[in-house]
Amino acid sequence: MKEKVLNQRRNGLAMLGLIILLYVVGIGILILGANLSDDGAMGAFSVVLVVVGAIWITVGWVPLMGLKILKPQEALVLTLFGNYVGTLKKEGFYYVNPFCGSVNPAAKTRLSQSGDVDGGSGNPLRISYGQASLSGDGVSKKISLKVMTLNNSRQKINDCLGNPVEIGIAVMWRVVDTAKAVFNVDNYKEYLSLQCDSALRDIVRIYPYDVAPNVDTTGDGIADEGSLRGSSEVVASRIRNEIQQKVADAGLEILEARITYLAYAPEIAAVMLQRQQASAIIDARKMIVDGAVGMVELALERLNEKHTVELDEERKAAMVSNLLVVLCGNHDAQPVVNSGSLY
């Protein structure tokens, strides 16, 4: 289905004035016919006037159905007896065929996103299912062309190593082809929400939560350092591209996708935290040992250069042991003063 934009003149105000004027004329004709009915010579003519006035007053409201008002960044898809007529996209006050109907199957759908509000209707009867809900009252069939933000609920997904993680995304999107959005899918809002969940699962399963050895996240057969935590921009970009491919037939454009929440699932969060703490302690110890060895080497070199004291190999080993204990220990060393001979 190809979108057809109607470049129709915005003559709604003129048509409204004309309809009101015709109503006034119809009421005047009815009154005139009723007054002329008392005259015998004008009896037949008065009956005609009364019938014409009564018919217009009865059905004169039908042309009012052709008045359409559009605000900025709104569109209206029109059909006539089941056939697609076109789409009004510019703001203004329009008059169209009063028998044209507007179509928007997602008008009553409420998702966790911007733009989907109750509108203060106060209707207590709401039927909910999944992430969407339907309200029983009449709603506008207009399609918003504004940029919308879909904030899907958090999902629990296993990463490429099998660790369960919880992740949530926010997707910025808008409707670019109203005909595809209305006629190609049953409900473009629900369709988008479902495709966001599917794309998120497809991409998250490629990456580990944190950097892991021997993991290929790009598909080139070479292990890399990609991860959900360290490559969030790359992951979000791949999620956006994946969603765009899935919703292109629905006339939607995905502007941006962002990861809003990322954490290990509660059942393994404590264990993973201990592993991260152990890894941090090991890295810190490695740094301390490297620094301590450098300081010991520097001390021995200085002693040899200045000939401060001559040490045999056994004394050097003892000195190195003592210095490493002092430099690598968690607590301050307690000094012991040797008042005897070196040997």
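Helices (H or I, at least four residues) and strands (E, at least two) are DSSP runs, numbered from the N terminus. Residues are numbered from 1 along each chain as its sequence is written. This is a predicted model: local features need pLDDT of at least 70, side-chain atom pairs count only at pLDDT 80 or more, totals for chains, interfaces and linings use all residues, and side-chain values use heavy atoms, with hydrogens and water left out.

**Stop one: glutamate 74.** Select strand 2 (residues 74-80), which holds glutamate 74. Glutamate 74 counts as buried (under 20% relative accessible area, with exposed over 50% and partly exposed in between; 1.4 Å probe, protein chains only), because its relative accessibility is 14%. Its side chain reaches the backbone nitrogen of lysine 71 at 3.1 Å. Now show the contacts of glutamate 74 (heavy atoms within 4.5 Å). Beyond its neighbours within four places in sequence, they are Leu88, Lys89, Lys142, Ile143 and Leu145.

**Stop two: colour by confidence.** pLDDT is the predictor's confidence in each residue, from 0 to 100. The protein averages 80, and 85% of the residues score at least 70. Go to strand 6 (residues 126-129): confidence is lowest there, at a mean of 33.

**Stop three: helix 5.** Select residues 232-247, where confidence is highest, at 93. Which residues of helix 5 are buried? They are Val235, Ala236, Ile239, Ile243, Gln244 and Val247. Show their partners: strand 11 (164-175), helix 4 (188-204) and strand 12 (252-264).

How values were computed: A polar contact is a pair of N or O atoms within 3.5 Å; within protein, one must be able to donate a hydrogen and the other to accept it, and residues adjacent in sequence count only if both atoms are side-chain atoms.
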